[in-house]
Amino acid sequence: MKVAVIGVGQLGSDLVKVFDDVIPLTHSDIEVTDFSSCKILKDIRPDVIINTAAYHKTDECEDYPDKTLLVNSVGARNIAKIANEIDAINVYISTDYVFDGTKGSPYVENDVPNPINAYGISKYAGELFTRHISNKYYVIRVSSLFGAAGASGKGGNFVETMITKAKSGSELNVVNDITMSPTYTKDAAMAIKKIIEKNLPYGVYHVTNDGFCTWYVFAKAIFEIVGISAKLHPITSDKYPTKARRPRNSSLSIEKIRSYGINMRHWKDALKAYLIEKGYI
């Protein structure tokens with residue numbers, strides 16, 4: 001099975017590691033917004049295309065909705081069309097931000113999306129293009145990623161930011177009223193591989209570590225595991241206004257993949273594994 005991975009950022013770099021016959025495609029290799037550029041896939045002829053390319057700086061997306069839609073939506077359409085031409089399985093990486101966060105409990109795959117920011121809207125449009133064009137597809141929703149490579153364009157990830165600020169002695173005010181499902185990209189990559197290898201029915205799947213928490217609880221766990229004494233304080237999100245609205249509770253249920261025998265460890269165990277990988281403990 002030949003796999004092409006578009007984008008080698010935080011998740012993409014771990015996806016490249018878990019497959020044996022893999023072709024990583026960076027932004028210099030392929031521009032998903034340009035259909036002609038996507039034709040490189042016709043030369044490679046992979047059996048599976050995993051598209052991790054995304055414009056994901058959530059607040060910036062509010063200022064540049066045209067770029068956001070071009071990358072996350074039109075890009076998905078281009079890849080879907082090429083995938084059909086070469087009879088490849090199309091794997092589109094989506095997000096918990098397709099939901100509005102008002103459900104009050106973890107979202108399942110068939111809950112109706114209702115995104116509340118430009119990023120979420122663009123990713124949902126990407127999902128729709130993927131589902132309605134692709135003959136063979138998986139839409140994989142992930143959440144709150146942390147991985148060794150760090151997020152491209154973001155300068156690391158939440159874990160790295162917290163550790164850096166704590167070590168500098170900064171006061172840390174972290175929101176305690178927004179709930180999400182932290183996800184270690186190494187675990188997500190392995191789960192995505194299993195979905196493909198098991199030939200699961202085509203459709204939408206949630207892939208996160210088990211459990212959910214607020215950003216404050218996540219930060220607290222980081223410091224407890226590493227053994228850092230941080231000046232950490234819980235705040236409400238209205239005390240930390242952002243340009244883009246965030247869903248209040250975008251946690252994702254992973255019961256669907258569990259029903260197919262794909263088990264995810266708890267986010268605290270995944271966090272410890274990440275911190276070991278990065279040499280903090």
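**Close-up 1. The residue that follows helix H9 in the predicted model**. Helix H9 itself (215-226) has 12 residues and reaches 17 Å from its first C-alpha to its last, which is close to the 16 Å expected at 1.5 Å a residue. Its buried residues are Trp 215, Tyr 216, Phe 218, Ala 219, Ala 221, Ile 222, Phe 223 and Val 226.

**Close-up 2. The largest nonpolar core and the elements that supply it**. This core has 29 residues, and those with the most contacts inside it are Phe 146, Val 159, Phe 218, Ile 222, Phe 223 and Leu 271. At least two residues each are supplied by helix H7 (158-167), strand E7 (171-175), helix H9, strand E12 (231-235) and helix H11 (267-277), and the largest share, 8 residues, comes from H9. Apart from this core lies another one, of 28 residues, which includes Ile 93, Tyr 138, Ala 188 and Ile 195.

**Close-up 3. The surroundings of Phe 218**. When residues up to four places away in sequence are not counted, Phe 218 touches Phe 146, Phe 158, Val 159, Met 180, Pro 182, Cys 213, Trp 267 and Leu 271.

**Close-up 4. Packing of H9 and H11**. The two helices pack at an angle of about 50 degrees, with their axes 10 Å apart, and that angle makes H9 oblique to H11. Their crossing is right-handed, and the contact is made by Val 217, Phe 218, Ala 221, Ile 222, Ile 225 and Val 226 of H9 together with Trp 267, Lys 268, Leu 271, Lys 272 and Leu 275 of H11.

**Close-up 5. Packing of H7 and H11**. Here the angle is about 65 degrees and the axes lie 12 Å apart; H7 and H11 are therefore roughly perpendicular to each other. The crossing of H7 and H11 is right-handed, with the contact made by Val 159, Glu 160 and Ile 163 of H7 and by Leu 271, Tyr 274 and Leu 275 of H11.

**Close-up 6. The buried residues of H11 and the residue Gly 279 just after this helix**. Trp 267, Ala 270, Leu 271, Ala 273, Tyr 274 and Leu 275 are the buried residues of H11, and these buried residues pack against strand E6 (145-146), H7, strand E9 (183-184), helix H8 (185-197), strand E11 (213-214) and H9. Just after H11, Gly 279 takes a positive phi of about 85 degrees.

Note on methods: Residues are numbered from 1 along each chain as its sequence is written. This is a predicted model: local features need pLDDT of at least 70, side-chain atom pairs count only at pLDDT 80 or more; totals for chains, interfaces and linings use all residues. Side-chain values use heavy atoms; hydrogens and water are left out. A nonpolar core is a set of buried Ala, Val, Leu, Ile, Met, Phe, Trp, Tyr and Cys residues joined through side-chain atoms within 4.5 Å. Buried means under 20% relative accessible area, exposed over 50%, partly exposed in between (1.4 Å probe, protein chains only). Helices (H or I, at least four residues) and strands (E, at least two) are DSSP runs, numbered from the N terminus. Contact means heavy atoms within 4.5 Å. The expected span of a helix is 1.5 Å times one less than its number of residues. Axes are lines fitted to C-alpha atoms, for helices over the stretch in contact, and angles run from 0 to 180 degrees between N-to-C directions. Angles under 35 degrees count as roughly parallel, over 145 as roughly antiparallel, 65 to 115 as roughly perpendicular and the rest as oblique. A crossing is left-handed if the near helix is turned anticlockwise from the far one by less than a right angle, and right-handed if clockwise.
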